[in-house]
Structures are given as C-alpha cells and as structure tokens.
Amino acid sequence: MIDLKNLTIEKAHESLVKGEFTCKELVEAYLKTITEKNKELNAYLEVYSDAVFQAEEAQKRFTNGTATILTGIPFAIKDNILIEGKIASAGSKILENYKASYDATVIKDLKKEGAVLLGRTNMDEFAMGSSTQTSAYGVTRNPVDTFRVPGGSSGGSAAALAGDLTLAALGTETCGSVREPSAFCGLVGLKPTYGALSRHGIIAMGNSLDQVSPFGKCVRDTEIIFNSLSRYDKEDGTSVPDVVRNKMKAAHSGAKKIGVPWHLFKEGVDKEVEENFKQSLEKFKKAGYEIVDIELPHAQYSLAAYYIIMPAEVSTNLSRFDGIRYGYSANKEVDNLKDVYMKSRGRGFGKEARRRILLGTYVLSHGYYDAYYNKALKVREKIREEVMNAFKNVDYILTPTVPITAFKLGEKMDDPVAMYLCDIFSAPANLAGVPSIALPSGISSNKLPFSIQFMAPHFHENNLFEVGKKFEEIR
Amino acid sequence: MNIKDVENLAELAKLDMSGEEKEAMLKDMDSILGYVKQIEEVEVGDVKPSYDVYNVWREDKIEPREFSKEIITEEFPDKQDGFLKVKKIL
C-alpha cells in the first residue's frame, strides 16, 4: 500500500528511483481512490483510459536512466488546458464534445518529462466563478467537508489533490482561481508572474490576466512544477523573454521584510480568519521577520477594476464560440446564419457566461468605454505602480488569501457581487502581474482550512518558495 | 440601464435569451454596475493606461505544424467534401 496522504513529488520520485513502487502501481493507487471517491466529489469530468499506458511508458525512463523529477508523477489537468485528441470543455455545454487539435505548451512540456495525465477536472464554466458551481457538469464537493464548495474556478483540480485523487494538479488563474480553492481545500497554490508560464493552448478568459498555476500539497511541490513549466514560449505573445526574466529575478535570498496593508481588511473579513492571520504574523515575528504597515490606497478598487477589465476581455474572447467551426451548434434547427449564432450561443453558454458577456459588451460600448473600460485600465495602472512602489520598501506583501472559509454548496449563487467578493484579496496580484502564493495556516473551529497569501515582485517566485517553506516549519 | 439596453446588448452579443432572463439580467447588471461604479471616485491623475503594452510581431514565415486535418474537420458542425459549410449569407 502506498501512503498517498503523505506522498509528495520528491518522495514519489525517490521511491520510483529506488523501485519501491512502479509508475504503474502509483497510478493504479490513484485510480483506485478515484473509483472510490470521484462519484461523490465530482472532481474529474473524465479519467483518461490511457493513464496506465502512460505510466508504463514512464517506467521505461527509469530503466533507461532518462527519468526526471516529474517522470511518472500523476497530474490532474483543469478542463480549459488543451490536450491533443482529448475533450476540453472548459466546464461549458458549448464545448461539450470539443476535441483539442493540439497540446498546450504546458502539456507538451509535461509529456516531455513523462508526467502521467490522469484526467481533466471540473471548473466553473470558462473559469467564471469562485466555487465550481457554475460548471455545466454539476458542482464539485470539497473533500475537507463534502457539504461545502472547494472554491473555484479550479475547484476540480483542488478537490482532486486534496482528496488524494492525484499527486499534482494544474489550474489556471485570472483572479484567485487557484489561490482561493487552495485556501478552501488546505493546499498550497502558486499564481506565477504573468508571462512566466505559457498561455498557448489555454482557453482564454481574460488574456491580460490569465496564468497557468500549480497546486501542491507542500510548497516544494509547487516549486518543482513551476521550475519545470516556467519558460519563454514564442507561441505566446505575452510570454516574457529570458533576458527580461533574468533581469527581474530576485538577486538575493533571505528576504525578511513583510508589509501588511491593514487598511484593506478593516471590514468584511471573518473574525476567525482575522485572528488566524494575526497569529500567523506573530509566528513570523518570532522567526525574525520584520513586519511593517503599508498603505495601498488604490488596491481597494482592485476588484471593481477587475470586474470591468475581465468581462471586457471575456466578451471579446467568447465571441469565437459561434456554432460554426466547432462546439455546440443549433445549425440543424434554424434556417439562417444569425439564428445559428443566437441559438448556439444562447443555449451553449451558461448563466454566468451570458452575464459576463453582456457586462463586457456594455463596458466596451460607445458612450461607456471611457467611463468604464479606460478608467479601469488607468486604475489598474495606479494599482500596479502602488504595488511596485511598496516593493521598494518591503520584500513581501501579506494578506489573508480569502476573507472567509469554505462556504456551503448553493450559497452565493443568487448574489453575483457576494460571490465576486471572495477574490477581493486576489485581485491586486493579478492586476499587477506579480506572483503570489497561498499557504495553509491552520484549521478553524468548524474544521475548515485557513490560508494566508504572500505577494512578491515580478519573477521573485524563489522568495515566495523560501518564505513558504519557512512558514511550513514555524506554523 | 433599462430593459431596452439589455435587449440591445443581447442582440449585439448574439445571445438568444428569454424575456424573463433579460429581466433577471437587468437586476444583476444593476447590482454589478453599482459595485464597479466606485472606480469613478478614483483620482488617477495623468497616468497612462498600460504603458508597457506593445504589439508583438513575428515574420510571416511558413512553418510546418503538427495539426491533424482530421481532428479539425471532425469538429465541424456541418461540412461538405471536407469543407466547412455555413448557411447562405447572400
């Protein structure tokens, strides 16, 4: 029996090298938990029938000495990341039977390493949501408490990892979609610098914000995945070239100065979450970190700016789903082209997608463009400046990851703004493009995970790993 | 925003929606716009939006690609002789 609960990527790799178990045995152990638990959790939408075959192929690399740290490591992949020949539905009915015609760059890289792709995981439709309840394929349940949501939009990947239905998982972030489910499921979630990992082959929601983001059971796991997948990709126009990366990378380790923007959470934060945050701060103080108050006066407008910029990009991106070239089409039931568009999109998109398309169309329309979209871009710029200025004085910015703990299934579905507020602390990192890591920080009185998040300057992921590992020692 | 605006937006975005849903959307729009409106009060001065946004160009060179024609054409909702078929436009 493999002890899946305490397994990490490094431990699994060591065991595979020593021959304590084989890639096939490891994958079969996960397939067994999937059979036992996935019906209830609905973490996976599909488990790939070739998973064992992939494991056998990976095993050969241990025999011939070409294995790397990710060889044979089972991965769960969010349903908006393309894998050639496999369905990628983005949690939407409009792509229900859509088979990808190429591999996303991150998938190409995982295949090159010999990682095993177990299956595709549930998500909010087109990554629009914070609870995985807007998926066209039913809700995903939180393995920590199955009456609660796992967070979202990458809730399927989070639930798969937290429930030991995989050893590693990829999600995507546009605004908190990996950090918030990490918080709700007790995992580590890393949102890398914008442009660090390739977006080629990711079904876009908000291009100027989207970023592939790894989940891990520990900081080291996210570090391993990040190091394997972070690279320049010429297929992605916003991928950051190596010379720029190297210039921005952290020059020193031992960063010890933490800034806390207290004014951002004067209200709206759960009492217990705040208490846990203060206790975490104390632990850092005791460990020799310097804690200072910082002011980010514009950051309080982050979520408002985000809910203008993102829908604008959504309405543009989702215009490609029109029932003509692929995906759901009403073409057999109507006689003219316009009705193909109207009916295919009207039936194919779920409610939240329709809501955001309308909102985006509105903020981009003549007469409102300046008041909403242009203004939001300027506010974003202000926030970015402010965050970068803060980093002249501190090494990290620390906040709770989410103002609350995991909520019950069915909650917040009728109140979009209440749902959006789950990501209030996530937005500044996405808008500024800086990396951020969510770290488990304890358990609440009703046994739900707490989480804190660090932000660091662009391409300072190594500092996040360093402080994250420190917290794993002292928490 | 009023119901006429919602109808107009749905038409622009090519989304077929029932009258009932449009009413519900109007309510949602009001609440979301009510929230995002707070950016009006922000003094941004003369900050240039996204100063580091620039076009990324590449040479228009033919490069071999691994796309399979079969996988792509299989996805077509309607086709004829291997071509994508759409409704008559003219």
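Start by selecting Cys422(A), which is buried at a relative accessible area of 1%; buried means under 20% relative accessible area, exposed over 50%, and partly exposed in between, with a 1.4 Å probe and protein chains only. The model is predicted, so local features need pLDDT of at least 70 and side-chain atom pairs count only at pLDDT 80 or more, while totals for chains, interfaces and linings use all residues. Residues are numbered from 1 along each chain as its sequence is written, chains are lettered from A and ligands numbered from 1 in the order in which they are written, and side-chain values use heavy atoms, with hydrogens and water left out.

**Cysteines**

A disulfide here is a pair of cysteine sulfur atoms within 2.5 Å. Over all chains, the structure holds 0 disulfides. For Cys422(A), which is in no disulfide, the nearest cysteine sulfur is that of Cys175(A), at 11 Å.

**The largest nonpolar core**

Next, select Phe75(A), Val106(A), Phe126(A), Leu170(A) and Phe454(A). In the largest nonpolar core, which has 170 residues, these five touch the most other members. A nonpolar core is a set of buried Ala, Val, Leu, Ile, Met, Phe, Trp, Tyr and Cys residues joined through side-chain atoms within 4.5 Å. Helix H10 (residues 302–317) of chain A gives this core its largest share, 10 residues. Helices (H or I, at least four residues) and strands (E, at least two) are DSSP runs, numbered from the N terminus. In soluble globular proteins, nonpolar side chains tend to be buried together.

Which residues does Val106(A) touch, not counting residues up to four places away in sequence? They are Ile81(A), Leu170(A), Leu197(A), Ser198(A), Ile202(A), Val212(A) and Leu229(A). Contact means heavy atoms within 4.5 Å.

**A nonpolar patch on chain B**

Move to chain B and select Leu84(B), Val86(B), Ile89(B) and Leu90(B), which make a nonpolar surface patch of about 450 Å². Patches are made of residues with over 30% relative accessible area and no salt bridge; like charges are joined within 9 Å, and nonpolar side chains (Val, Leu, Ile, Met, Phe, Trp, Tyr) within 5 Å. Accessible areas come from the Shrake-Rupley method with a 1.4 Å probe, and for residues only the protein chains shown count as cover. Leu84(B) lies in strand E2 (residues 83–84) of chain B and is partly exposed, at a relative accessible area of 33%.

**Salt bridges within helices**

The structure holds 34 salt bridges over all chains. A salt bridge is a side-chain nitrogen of Lys or Arg within 4 Å of a carboxyl oxygen of Asp or Glu.

Return to chain A and select Lys32(A) with Glu36(A). Their closest N and O atoms are 3.3 Å apart in a salt bridge. Both residues lie in helix H2 (residues 23–41) of chain A, 4 residues apart, which is about one turn of the helix. Glu36(A) is exposed, at 52% relative accessibility.

Then select Glu352(A) and Arg355(A), whose side chains form a salt bridge at 2.3 Å, N to O. Are these two partners buried or exposed? Glu352(A) is buried at a relative accessible area of 9%, and Arg355(A) is buried at 6%. They stand 3 residues apart in helix H12 (residues 351–363) of chain A, about one helical turn.

A further pair is Lys470(A) and Glu473(A), with a salt bridge of 3.6 Å, N to O. This pair lies in helix H16 (residues 461–474) of chain A, 3 residues apart, or about one helical turn. Lys470(A) is partly exposed at 26% relative accessibility, whereas Glu473(A) is exposed at 61%. Now select Glu10(A), Arg220(A), Glu223(A) and Lys469(A), which are joined into one network by salt bridges that share partners.

**Backbone features in loops**

Select Gly152(A) and Ser153(A), which are joined by a cis peptide bond with omega of about 10 degrees. Ser153(A) lies in the loop between strand E3 (116–121) and helix H5 (155–162) of chain A.

Asp164(A) is not a glycine, yet has a positive phi of about 60 degrees. Look for Asp164(A) in the loop between H5 and strand E4 (168–173) of chain A, where Asp164(A) is buried at a relative accessible area of 12%.

Finish at Lys447(A), a residue other than glycine with a positive phi near 65 degrees. Lys447(A) lies in the loop between strand E10 (436–443) and strand E11 (449–455) of chain A and is exposed, at 64% relative accessibility.
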